[in-house]
Amino acid sequence: MSHPHPELSAPHELPKGGLRITPLGGLGEVGRNMTVFEYDGRLLIVDCGVLFPEDHHPGVDLILPDFESIRDRLDQVEALVLTHGHEDHIGATPYLLRERGDIPLVGSELTLALLGSKLREHRLRETVHHVVAAGDTITFGPFDLEFVAVNHSIPDALAIAIRTGAGLVLHTGDFKMDQLPLDGRITDLNAFARLGDEGVDLFMTDSTNAEVPGFTTTEKSIGPVLDSVFHKAADQRIIVACFASHIHRVQQVLDAAVTHGRKVAYVGRSMVRNMAIAKDLGYLKVPHGVIVDAKELADLPPHKQVLISTGSQGEPLSALSRIAQRNHNFVHIEEGDTVVLASSLIPGNENAVYRVINGLSRWGANVVHKGNALVHVSGHASAGELLYCYNIVKPKNVLPIHGEIRHMRANADLARATGIENVVIAEDGVVVDLVDGKAEIAGKVPCGYVFVDGSSVGDITESSLKDRRILGEEGFISVIVVVDSQSGHVVSGPEIHARGFVENEHTFDGIRQPIIDALDKAMAEGVSDTHQLQQSVRRVIGRWVSNKHRRRPMIVPVVIEA
């Protein structure tokens, strides 16, 4: 990950009366959003999400924000405020609560309900919750918070106005300005304007779609497209894959299923869990008798079936990937089935998604996706919406958040185009101080990736991942040699084993004698330390493999003294 401020040193002491903003994730990447606000020696955290691994993170399950800079100050945290219920904003919360379990959690009803099921999975039950709604105000220490309704691809999302002695900060969270939202809950631009009239000292704005001109397409435009898909597949089964948190999209599929006389089943543990929560809280309207168990659905004729599945990002173990590979327990893809991928492509997931599309197509499925039909719209504000917000909020300072560097730079350009002069571009770990109404970079704290690998958190390093990449791409060679330190000669071996090579019994014949010669020579020169002898073996076989096979495998030499 590139850093525009590599020369920055540790931040200086926060001036009295100043507000310090430290992003620990989400600035320079799409995921693991987490920002720490510090005022008068107290801390407020906004969001605590995960980043999902890419191909160059072999074996990694999740990537967390780096808590190191606040680890010895967790007793000063007043609260953790969650803007909405997506994984990249709430997913790391259980890992933070393992370090201090009584941090008050603040969020909307749906956000805290989705988080609650996650905390139960982690066996974290005794947590302090504060359910808030748009228009509510609440105070934690020196932080006065006001919550503003914003529209996003999950219901009940909130922007947060943070008032301290240093001024007013407006943090949008993830948002867009859909004027025809399915739930009728629009972004409260009236509140944005009111806060702007009060005087917003720092506006922290979602950058994800800043490069996209105009306005984000409304969610309602997807309804007729889905209806058309159902109409064309009148005699066939329909499978819809989307995010397990995309309640609006599931609602649209349920409505289409009712219109076309079909039954619906959920496939995927997270989908079943989240939709049960959404239904119980009234965010998902489910007509009576429409939802059935997946195994019960299989007994119906194809034209009566709709499956709503996880796996729209091509995750290897997801329901859709297993369906595409024909190894799902009870869903068997058939010629003529229609599969709808109702989601965007998260950067880095393209190959995995196309692999699933090809797998489904191989079995004769008709695959409908964003590339060939309007079956998904973004949950983020495009450039036109961001310009609109800058003009009504009229902030003194802007800090683009949530996005890769290119997104944040595009967002900064939009802010400057509306006449805002002080726009600060920061990345994870870059500290920004708001002092006397001006935001400036004050330094940088260490802020790396924290990898979750099975049950271990933070034990896997970049060096470990490099080893895994080498193993996966270049192969592995082990060499075992027995030497007699008294005579100074090889007495057994070398025994060579390899993985990842085109092997036959003669593959390594040409290197056995050079290994023996190198060891004999080293011992003749007085080298007796086995580590140094192993390095000699590594150099000889490494050079040979590079020249002969154009490969740089992982080499594990073992020299044993007889």
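Visitor: Is E121 buried or exposed, or in between?
Guide: E121 is partly exposed, at 39% relative accessible area. Buried means under 20% relative accessible area, exposed over 50%, and partly exposed in between, with a 1.4 Å probe and protein chains only.

Visitor: What kind of model is this, and how are residues numbered?
Guide: This is a predicted model: local features need pLDDT of at least 70, side-chain atom pairs count only at pLDDT 80 or more, and totals for chains, interfaces and linings use all residues. Residues are numbered from 1 along each chain as its sequence is written, and side-chain values use heavy atoms, with hydrogens and water left out.

Visitor: Back to E121. Which residue does E121 form a salt bridge with?
Guide: R269, with the closest N and O atoms 3.0 Å apart. A salt bridge here is a side-chain nitrogen of Lys or Arg within 4 Å of a carboxyl oxygen of Asp or Glu.

Visitor: What about R194 and E146?
Guide: Their side chains meet in a salt bridge, 2.5 Å from N to O. R194 lies in helix α4 (residues 189-198) and E146 in strand β9 (residues 143-149), 48 residues apart. R194 is partly exposed at 40%, while E146 is buried at 7%.

Visitor: And K176, what does its side chain meet?
Guide: E219, in a salt bridge of 2.9 Å, N to O. E219 is in the loop between β12 (202-206) and α5 (222-232), and K176 is in the loop between β11 (167-171) and α4, so the pair ties together parts 43 residues apart in sequence. Both residues are buried.

Visitor: Which residues do shared partners join into one network?
Guide: E146, R163, R194 and E198.

Visitor: Switching to α3. What is its span?
Guide: Its end C-alpha atoms are 19 Å apart. The 13 residues should span 18 Å at 1.5 Å a residue, which agrees. The expected span is 1.5 Å times one less than the number of residues.

Visitor: Which of its residues are buried?
Guide: L110, T111, L112, L114, L115, G116, S117, K118 and L119.

Visitor: What covers them?
Guide: The cover includes α1 (87-90), α2 (93-97), β6 (105-107), β7 (129-131), α6 (247-259) and α7. Contact means heavy atoms within 4.5 Å.

Visitor: What follows α3?
Guide: R123, with a positive phi near 60 degrees.

Visitor: Now rings. How many aromatic pairs?
Guide: Three. Rings of Phe, Tyr and Trp (its six-membered ring) pair if their centres lie within 6.5 Å; planes under 30 degrees apart count as stacked, over 60 as edge-to-face and the rest as tilted. F192 and F203 form an edge-to-face pair, 6.3 Å centre to centre, with 90 degrees between the planes. F192 is in helix α4 and F203 in strand β12, eleven residues apart.

Visitor: Are those two buried or exposed?
Guide: F192 is buried at 0%. F203 is buried at 0% too.

Visitor: What about F203 and Y390?
Guide: That pair is edge-to-face, 5.7 Å centre to centre, with 90 degrees between the planes. Y390 is in helix α11 (residues 383-393), so the pair with F203 ties together parts 187 residues apart in sequence. Y390 is buried as well.

Visitor: Which residues form the aromatic cluster?
Guide: F175, F192, F203 and Y390 form one cluster.

Technical notes
Helix = DSSP H or I, 4+ residues; strand = E, 2+ residues; numbered from the N terminus.
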